[in-house]
Amino acid sequence: MSLVVGIIKGSLPSYFPEKYGVFPAVLAAVEEVASGVDARVVDVPRIPMDGSDAREAVEYCKSNGVDFILLVHGGFTMGDVAREIAASGMPMGVWATPEPVHENDIQLNNFVSLNMSLSIARGVRDLRQAPVQWYFGAPESEEFQTRLGRTLRALTARKALRYARVGVVGGLAPTFYNMAVSPDTLKRSTGVEPVHVDMMRMTSGMANCAEDDVAREVAAMLAKAQVRGVSDAHLEKTARAALSLRDIAAQEGFAGLAVSDWPTLQEVEGIHPGAAFTWLEENDNIPVASEGDVLGTVTQLVARALTGRVGCLLDMTSPQLEKNRILMWHGGGGPLYMAAGEAAWINNPMIGRGTPEGACFGAIVDYEFSDGPHTILRVARSGTATFTIEGDVQARGETGFTGTRGWVTNFCSNTGSCTASDVVTTVMEHGLEHHYVLVPGEWSADFNEFSAWMAMEQLPVIAAHDGLPSLSTA
């Protein structure tokens, strides 16, 4: 479902937004930004003059499915208008455009209204739980459009979670206690509902796949990546796993899946489904988190809403602190679009290692990430907190371990640059769950705005230090 933006125009008759074409320009600019995130705009037809009119405008927005009210001060607006809109509790933004001239009589006086509206909002709503974003700038200005676009993407992610259901296939991987979530807290904080799915439903679905469907799926996978050592039988099992999981998601209306990829699937089917996860993420854009990591799936849902694509669920592996870099890696799935070169379907090198059978539980995907800016994301603590950091993927000679991987360096957060030592200190002392979503590009600002609209705690970077963690972060 697309985000719906409601525009409420504000001005007293003694000011002149009509003379300067403020409202048509505003509407055109918002529609242009909204089209870039597949949002829809509802223009409230009547300009409210007082609190009663403002309540009617809010009801108009509600009846038209509006998710975000943008109060546009085209001219000076009485405070009761802003007060009633703010008191509604709906996600809200307030915008003022610059004065058209700066001599003689003031024409709009809308910046004063912007200032007044924000201070009024603070008095009638808890801005930590129900934020209000502000905007100042001409409709055509890049700064305004960037700021509004970030808000609309963040609210799109918020809406994507509101009624999302995540299928938890097989439950948590054994002893991964840190991946456990409180369903009640997650529902209350995000709207997401985790739904248990018995592993036998996946395995029976694999057995019941039509042979023609399996053949088509295998052919499509072979067209996207080369095969290195994986048997035809395991490619077929991979296709069956993907088909079964796709059917479960479609039948149940799941926005994403969290799957316990070991040990049951090896015992029952003799397969690791990492390549199936890759295929669903690449081909269907469906988030599939390994090891039953529900919050990994939730993070992927946010990443997809912000960027348009799911990212890669990874472990933070093998820091090289003296080189100021950390290997982001996982021996499982990951969408193919993130590969620097040609990806390959290979046998899982770890499951079965050290046994007489050897690595016989294929398949996974093997590739390195493209060099360039990337963002690391995590929704944490049953949906009440978030963590994000940006950095550059740089190969620098070493390829990293088999699977999906890349070395990340040149870290920075919203407070400035930081080192690999700072990042390691942060994830350890915040006790972050050990999966992170890596996405290409610089997305921390969008993710942090999403966090603010969700009233989630944004976990800060903790500088590297000696001794025990402080009580404030423990």
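What follows is a short chat about the fold of one predicted chain.

Biologist: What should I know about the model before I start?

Modeller: The model is predicted, so local features need pLDDT of at least 70, side-chain atom pairs count only at pLDDT 80 or more, and totals for chains, interfaces and linings use all residues. Residues are numbered from 1 along each chain as its sequence is written, and side-chain values use heavy atoms, with hydrogens and water left out.

Biologist: How many helices and strands are there in the chain?

Modeller: The chain has 14 helices and 20 strands, where helices (H or I, at least four residues) and strands (E, at least two) are DSSP runs numbered from the N terminus.

Biologist: Which order do the strands take in the open sheet of four?

Modeller: The order is E7-E6-E9-E10, with parallel pairing, and two strands pair if DSSP finds at least two bridges between them.

Biologist: And which strands stand at the edges?

Modeller: Strand E7 (193-197) and strand E10 (288-290) do, each with a single partner strand, so one side of each is left without a neighbour in the sheet.

Biologist: How many bridges join E9 to E10?

Modeller: Three bridges join strand E9, residues 256-259, to E10, and the two run parallel; Val259 stands opposite Ser290 in E10.

Biologist: Changing topic, how much of the chain is buried?

Modeller: Of its 474 residues, 57% count as buried, meaning under 20% relative accessible area with a 1.4 Å probe and protein chains only.

Biologist: What does the C-alpha trace span?

Modeller: Along its principal axes, the C-alpha trace of the chain spans about 90 × 55 × 40 Å.

Notes. Buried < 20%, exposed > 50% of the residue type's maximum accessible area, 1.4 Å probe, protein only.
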